[in-house]
Amino acid sequence: MLNVIFVALNGQSINVSESTGVIAACAGSPSDGQFLLKFTFSAVGLTGPVSVSAPSNFEVSLSDGGSYTSTVVVNHTAGTIGSTPVFVRAKASPGAGMI
């Protein structure tokens, strides 16, 4: 389940689609390819950028083959962000076994 939290003030509006996909990964590797979660968002009335942050053990990117980080920042043009995809994956976890 994906929880989307945002604060809209003074005429700002952020619309978020339902997420699609599933997240799965093998120990020691991040999820990729068919095991990514995706949602889109758009916004109007903005006065600053939108930051999308992943919870611990997950990472976000603006493209499925892009660079994944804990937070991505999306800038607006004249207060508007058009439909923007966000991809979520599991971070690489330590492999199983003794450390």
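How much accessible surface does the chain have, and what share of it belongs to carbon and sulfur atoms? The accessible surface comes to about 6300 Å², and 55% of that belongs to carbon and sulfur atoms. Accessible areas come from the Shrake-Rupley method with a 1.4 Å probe, and for residues only the protein chains shown count as cover.

This is a predicted model, in which local features need pLDDT of at least 70 and side-chain atom pairs count only at pLDDT 80 or more, while totals for chains, interfaces and linings use all residues. Residues are numbered from 1 along each chain as its sequence is written, and side-chain values use heavy atoms, with hydrogens and water left out.

Figure 1. The chain has zero helices and seven strands. Helices (H or I, at least four residues) and strands (E, at least two) are DSSP runs, numbered from the N terminus. Of the 99 residues, 25% count as buried; buried means under 20% relative accessible area, exposed over 50%, and partly exposed in between (1.4 Å probe, protein chains only). Among contacts with a separation of 6 or more, 63% are between residues 24 or more positions apart. Contact means heavy atoms within 4.5 Å.

**Figure 2. Confidence along the chain.** The mean pLDDT of the chain is 85, and 85% of the residues score at least 70. pLDDT is the predictor's confidence in each residue, from 0 to 100. Confidence in the chain is lowest in strand β1 (residues 13-16), with a mean of 88, and highest in β7, at 95. Where pLDDT is low, the predicted coordinates should not be read in detail.

**Figure 3. The largest nonpolar core.** This core has 15 residues, and those with the most contacts inside it are F41, V50, V52, V60, I81 and V86. A nonpolar core is a set of buried Ala, Val, Leu, Ile, Met, Phe, Trp, Tyr and Cys residues joined through side-chain atoms within 4.5 Å. Two or more residues come from each of β3 (37-44), β4 (50-53), β6 (71-74) and β7 (81-90). Strand β3 gives the most, with four residues. Leaving aside neighbours within four places in sequence, V60 is in contact with residues including V52, A54, V72, V86 and V88.

**Figure 4. S31, a buried serine in a loop.** S31 lies in the loop between β2 (20-21) and β3. S31 counts as buried because its relative accessibility is 1%. A polar atom of the S31 side chain lies 3.3 Å from the backbone oxygen of F35, and the side chain of S31 also reaches the backbone nitrogen of A90 at 2.8 Å. Leaving aside neighbours within four places in sequence, S31 is in contact with I23, A24, A25, L36, R89 and A90.

**Figure 5. T84 in strand β7.** T84 is placed in strand β7. T84 counts as buried because its relative accessibility is 12%. A polar atom of the T84 side chain lies 2.8 Å from the backbone oxygen of G82. Leaving aside neighbours within four places in sequence, T84 is in contact with F39, T40, F41, L62 and V74.

**Figure 6. Two loop residues with positive phi.** N57 is in the loop between β4 and β5 (58-61), and its phi is near 75°, a positive value in a residue other than glycine. N57 counts as exposed because its relative accessibility is 55%. A78 is in the loop between β6 and β7 and has a positive phi of about 50°, although it is not a glycine. A78 is exposed, with a relative accessible area of 79%.

Note on methods: A polar contact is a pair of N or O atoms within 3.5 Å; within protein, one must be able to donate a hydrogen and the other to accept it, and residues adjacent in sequence count only if both atoms are side-chain atoms.
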